[in-house]
Amino acid sequence: FKLENALHRALERGELELHYQPQVAVGGGIASAEALLRWRHPERGFVPPVEFVPLAEESDLILEIGEWVLEQVCSQLRAWRRAGVPVVPIAVNLSAHQFDDSILGTVRRVLDDCGLAPELLELELTESASMADAGKSCALLDQLKGLGVRLAIDDFGTGYSNLNYLKRFPVDRLKLDRSFVHELETDADDLAIARAVIAMAHGLRLSVVAEGVETPGQLELLAGLGCDHVQGWLFSRAVPAPQLAKLLARGP
Ligand code: G
Ligand code: G
Ligand code: MN
Ligand code: NA
C-alpha cells in the first residue's frame, strides 16, 4: 500500500495528533512547549514525523497539514485558558514550504479565530529554510514579528547561517541543535560550540533553548554556559495535550 495516499486521508480521518514537549527554564519550571506531530496509522501504528513530513513536503499536503497544526495549537491554547490551565507559549515547526507570504494570512486568521494573544504562539524556522533566501526571509520575518508572534531559529548550527542576516532577523531565540548537546560531556569541541552560540545569542539579545538534553551532566554544563532553556528527555518526552495540561497545572 502507499503511505502517501494514506497520508492524504490521515488528516480527514483525524489520524494526526499533536504531542507537546516542555521547554524548561534553567533552574525554573516549564516556560513553553513545542508541538510535535504524530501520525497514528490504523495498520502501521505510530509513524514518526521524520518519515511522513518529508513525504508531505513533496506536495502541497504540507501546507494543509501545517495549517491544521496552527489551528490545533491555537484552539488548544484557547481551551486550556478557558479551563483555567496556566498556559505557556507553544512553539510550532514551520516547513520551508510554508515559509512564504501566504503564512502571514494564515497566522493572522488562526490568531483571530481563537482570540489569542500572539505572544502565545512561537514559530520555529529551520536555519536552512530561513537562510536559503535570507533577504526575502528578513522581510517576511519582519511581517510575522509585526503580528506579535515569537520567532525561533530551529536546528541552529547545522545549516549555513549568514551572521549578517542573523543580526537583522527579528527572532527571539535560537535552538541549539541536539547534535551539539549529545556529547557535550565528553567532546570539548561541542562544548566550545555551545559556549560560542550562547555567548553570540546573548550578545544579539536572543535567548537559547538547548535541544535533546538527556543527562544531568549536560544540564549542568548548559547552566554553567548561561543557557536559558532546555528541552529533552531528562525532563519529559513529548506528551499528549492532557498530560501537558497536568504538568502546567502543577506549577513550577
Ligand atoms: O518528534 P520528532 O523528534 O520525531 O520530530 C522529528 C522532526 O519532525 C522534527 O525535526 C520536527 O521539526 C519535525 N516535525 C514535528 N512536528 C512537525 C510539524 O508540525 N510541522 C513540521 N513541518 N515539522 C514537524
Ligand atoms: O523540530 P525538531 O527536530 O527539533 O524536533 C524535536 C525532536 O527532537 C523531536 O523529534 C523529539 O522527539 C526529539 N527529541 C526531543 N528530546 C530529545 C532528547 O532528549 N533526545 C533525543 N535524541 N531526541 C529528542
Ligand atoms: Mn523544532
Ligand atoms: Na530541532
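Author: Let us begin with a term: a residue is buried if 20 or more other C-beta atoms lie within 10 Å of its own, exposed if 12 or fewer, and partly exposed in between. The model under discussion is predicted.

Reader: Is Arg205 buried or exposed?

Author: Arg205 lies in the loop between helix H9 (188–203) and strand S8 (207–210). Its phi is near 60°, a positive value in a residue other than glycine. Because 7 other C-beta atoms are within 10 Å of Arg205, its class is exposed.

Reader: How many of the seven residues of strand S6 are buried?

Author: Strand S6 spans residues 150–156 and is largely enclosed by the rest of the structure. That description holds because the number of buried residues among its seven is six.

Reader: Which residue in S6 is the bridge partner of Leu125?

Author: Strand S5 (residues 121–126) and S6 run parallel, joined by five bridges. The partner of Leu125 in S6 is Ile153.

Reader: What is the handedness of the crossover from S6 to S7?

Author: S6 and strand S7 (residues 173–176) are parallel and are joined by three bridges. In one of these pairings, Ala152 has Arg173 of S7 as its bridge partner. The chain passes from S6 through helix H7 (residues 163–168) to S7, and this β-α-β crossover is right-handed.

Reader: Which residues does Leu191 touch, not counting those up to four places away in sequence?

Author: Leu191 sits in helix H9 and is partly exposed, with 18 other C-beta atoms within 10 Å. Its C-alpha atom is separated by 8.3 Å from that of Leu221, 30 residues apart along the chain. With residues up to four places away in sequence left out, Leu191 touches Leu184 and Leu221.

Reader: How many charged residues does the shell around ligand 2 have?

Author: The residues around ligand 2 include Asp154, Arg178, Glu211 and Glu214. Also among them are Gln21, Leu36, Asn93 and Trp233. By class, the shell has four nonpolar and four polar residues, and its charged residues number four.

Technical notes:
Residues numbered from 1 in each chain as written. Chains lettered and ligands numbered in written order. Predicted model: local features only at pLDDT ≥ 70, side-chain atom pairs only at ≥ 80, totals over all residues. Helix = DSSP H or I, 4+ residues; strand = E, 2+ residues; numbered from the N terminus. Pairing = 2+ DSSP bridges. Right-handed = clockwise from strand over helix to strand, strands pointing away. Near = placed C-beta within 6 Å. Nonpolar A, V, L, I, M, F, W, Y, C, P; charged D, E, K, R; others polar. Contact = placed C-beta atoms within 7 Å.
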